[in-house]
Amino acid sequence: MSRIDAKFAELQAAGKKAFVAYVMAGDPDYDTALEIVQGMPGAGVDIIELGLPFTDPMADGPTIQLAGQRALETGMTLERTLDVARAFRKTDDTTPIVLMGYYNPIYSRGVDKFLEDAKEAGIDGLIIVDLPPEEDEELCIPAQAAGLNFIRLATPTTDDKRLPTVLQNTSGFVYYVSITGITGAAEAQAVDVAPEVARIKAKTDLPVIVGFGIKTPDHAKNIASVADGAVVGSAIVERIGKGDSAADVLAFVKSLADGAHSA
Amino acid sequence: MNDLFNSFMTGPDEKGRFGKFGGRFVSETLMPLILDLEAEYEKAKTDPTFWAEMDDLWTHYVGRPSPLYHAERLTEHLGGAKIYLKRDELNHTGAHKINNVLGQIILARRMGKTRIIAETGAGQHGVATATVCAKFGLKCIVYMGAHDVERQKPNVFRMKLLGAEVVPVTSGRGTLKDAMNDALRDWVTNVRDTFYCIGTVAGPHPYPAMVRDFQAIIGKEAKEQMHKAEGRLPDTIIAAIGGGSNAMGLFYPFLDDKSVNIIGVEAGGKGVNEKMEHCASLTGGRPGVLHGNRTYLLQDDDGQILEGFSISAGLDYPGIGPEHSWLHDIGRAQYVSITDTEALEAFQICCELEGIIPALEPSHALAHVMKIAPDLPKDHLICMNMCGRGDKDIFTVARALGLEMGEAD
């Protein structure tokens with residue numbers, strides 16, 4: 001059982017919704033990002049999404065783009081991103097880490113080498129935005145064979161006909177993108193999200209987590225109440241971008257986690 | 001031998017691959033849209049009414065066929081091969097870009113899309129898109145790197161006159177690749193009514209094949225015209241490459257004519273060296289995944305994308321169409337690079353000897369013609385694609401030559 005599966009089993013037993021938080025590795029610098037990641041479980045984060053910086057994040061809004069640029073300017077690389085996970089694993093062996101990013105840095109390293117390194121670093125799952133099911137042979141299938149979860153995005157444009165294709169090789173959980181758009185854009189409404197989550201849950205036993213456009217504790221609560229959990233990324237990254245201290249960022253993260261957990 | 005098995009013209013496969021290149025590396029939100037587009041294009045491709053509409057507009061709106069012109073003084077000057085220029089700079093809007101835009105906009109209309117988005121570098125694709133949108137009364141939004149908005153002011157003004165909204169892109173470094181990122185971000189946000197009109201043979205399948213098919217009119221005409229003029233095939237065909245659409249358009253109909261030597265010319269900027277001040281993806285890059293396809297890319301050791309560098313905004317892209325990557329790897333086409341300085345020299349010679357002000361993009365192709373023609377026999381036929389006119393570039397050229405020119409001159 002992967003750390004992700006174990007976490008959802010634990011949450012289900014406790015009757016709790018999952019709170020997933022995103023942070024870009026190396027933003028604003030390696031040490032601060034690591035401090036935030038290390039503080040996340042204490043702030044109530046159930047699953048950590050660790051952003052892998054990329055020069056051309058086509059599905060991300062300005063907030064995440066800028067975070068990536070800040071990280072790259074400090075010399076962040078795929079290897080240093082894995083170092084964040086390695087350092088985190090020294091003190092926490094249960095909180096799942098999902099690496100989120102784009103395919104080219106992974107392809108550039110070589111898929112087999114990457115999977116070996118990611119596994120060793122303590123990464124549990126991958127969300128690779130530009131790898132749809134049509135490209136499953138690239139990374140999805142090798143990742144599952146290597147024991148890493150491959151978490152797929154489902155979107156409002158994923159219709160009933162396509163949904164089985166999207167779910168076929170997904171594991172860990174399904175990430176429902178609540179809006180058509182980029183990260184940090186329009187706010188998703190629970191009333192719109194609820195039927196979509198139900199539509200996906202009718203086709204899979206995997207937990208369905210909702211993200212994109214969740215910004216406040218109340219919003220996290222509303223969305224989590226109609227799904228198995230909520231993801232917040234841009235709202236957290238925005239505070240890091242403004243120069244908030246790790247402690248302030250973590251206090252905000254805790255308020256979001258409390259929101260999601262009160263659902 | 002059965003030539004079908006040896007054809008270079010059968011790609012892409014059903015996964016949108018040319019060998020290992022191409023594919024559909026896009027987010028899930030876009031995937032259904034791309035599958036829709038593919039289905040619509042497959043229908044249109046075999047629909048005579050679609051091509052009838054294209055032919056009519058090509059003839060009466062664009063001014064096709066473009067002439068195949070024997071550049072007599074240039075031939076004489078170089079003293080070797082006989083040089084023909086395929087005059088696609090004479091098209092309406094001044095470049096080959098409109099060949100493709102017409103096809104995509106007719107397709108968009110068939111799909112009921114009302115909002116057209118495009119990315120542009122030099123502004124030629126943006127102008128072509130704004131033009132066809134004006135003709136059909138469609139809303140047009142053009143994403144253009146802030147840096148390019150600055151260096152291509154005449155085209156920005158043209159687009160505005162044509163009713164398009166030009167969005168300067170400041171994300172990343174504000175060049176063509178960032179404009180493409182922002183166009184993709186727009187598309188992912190406005191999925192229901194928007195059609196993304198890509199300007200080159202790159203992007204996710206079916207774009208590389210579709211844009212090639214629309215641009216292939218260049219090569220089809222050139223082949224017929226050369227046959228009429230010389231009674232045979234050309235020996236060498238040459239075109240400049242940024243993303244590679246004018247080149248793919250010229251090359252494609254000749255791919256199975258084994259006697260034809262095919263040469264693509266990349267932008268070498270300040271020279272293809274370790275400083276990476278160039279846009280030569282094939283000669284200075286390696287395979288990677290960006291903007292929906294696997295192809296040769298300028299990138300660092302960690303797979304981060306590098307900025308290209310070229311005097312020509314139209315060639316300033318860190319990638320290249322996947323079919324070119326494939327043709328490069330299998331050796332069917334040869335790819336070379338030309339520096340800014342060499343292109344500028346060719347630009348001036350073309351003005352002086354032929355009375356044609358070429359765009360900086362085909363000036364790269366011409367510079368390579370100037371390199372090879374003198375050593376070739378007089379009966380060697382070269383066909384070069386003069387894919388755009390240089391009016392847009394006069395300010396850049398003046399600056400590069402150290403000349404002052406008031407913009408109101």
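Me: How many salt bridges are there between chain A and chain B?
Reply: Six salt bridges. A salt bridge here is a side-chain nitrogen of Lys or Arg within 4 Å of a carboxyl oxygen of Asp or Glu. This is a predicted model, where local features need pLDDT of at least 70, side-chain atom pairs count only at pLDDT 80 or more, and totals for chains, interfaces and linings use all residues. Residues are numbered from 1 along each chain as its sequence is written, chains are lettered from A and ligands numbered from 1 in the order in which they are written, and side-chain values use heavy atoms, with hydrogens and water left out.

Me: Which residue does Arg17(B) meet in a salt bridge?
Reply: Glu135(A), at 2.5 Å from N to O.

Me: Thr157(A), then. Which side chain makes a polar contact with the side chain of Thr157(A)?
Reply: That of Thr155(A), at 2.8 Å. A polar contact is a pair of N or O atoms within 3.5 Å; within protein, one must be able to donate a hydrogen and the other to accept it, and residues adjacent in sequence count only if both atoms are side-chain atoms.

Me: Is Thr155(A) buried or exposed?
Reply: Thr155(A) counts as buried because its relative accessible area is 1%. Buried means under 20% relative accessible area, exposed over 50%, partly exposed in between (1.4 Å probe, protein chains only).

Me: What is Thr155(A) in contact with, neighbours within four places in sequence aside?
Reply: Tyr176(A), Val177(A), Arg199(A), Glu28(B) and Thr29(B).

Me: New topic. Which residues touch the most other members of the largest nonpolar core?
Reply: Tyr103(A), Leu126(A), Leu139(A) and Tyr175(A), in a core of 104 residues. A nonpolar core is a set of buried Ala, Val, Leu, Ile, Met, Phe, Trp, Tyr and Cys residues joined through side-chain atoms within 4.5 Å.

Me: What does Leu126(A) contact, leaving out neighbours within four places in sequence?
Reply: Its contacts include Val98(A), Phe114(A), Leu139(A) and Ile151(A).

Note on methods: Contact = heavy atoms within 4.5 Å.
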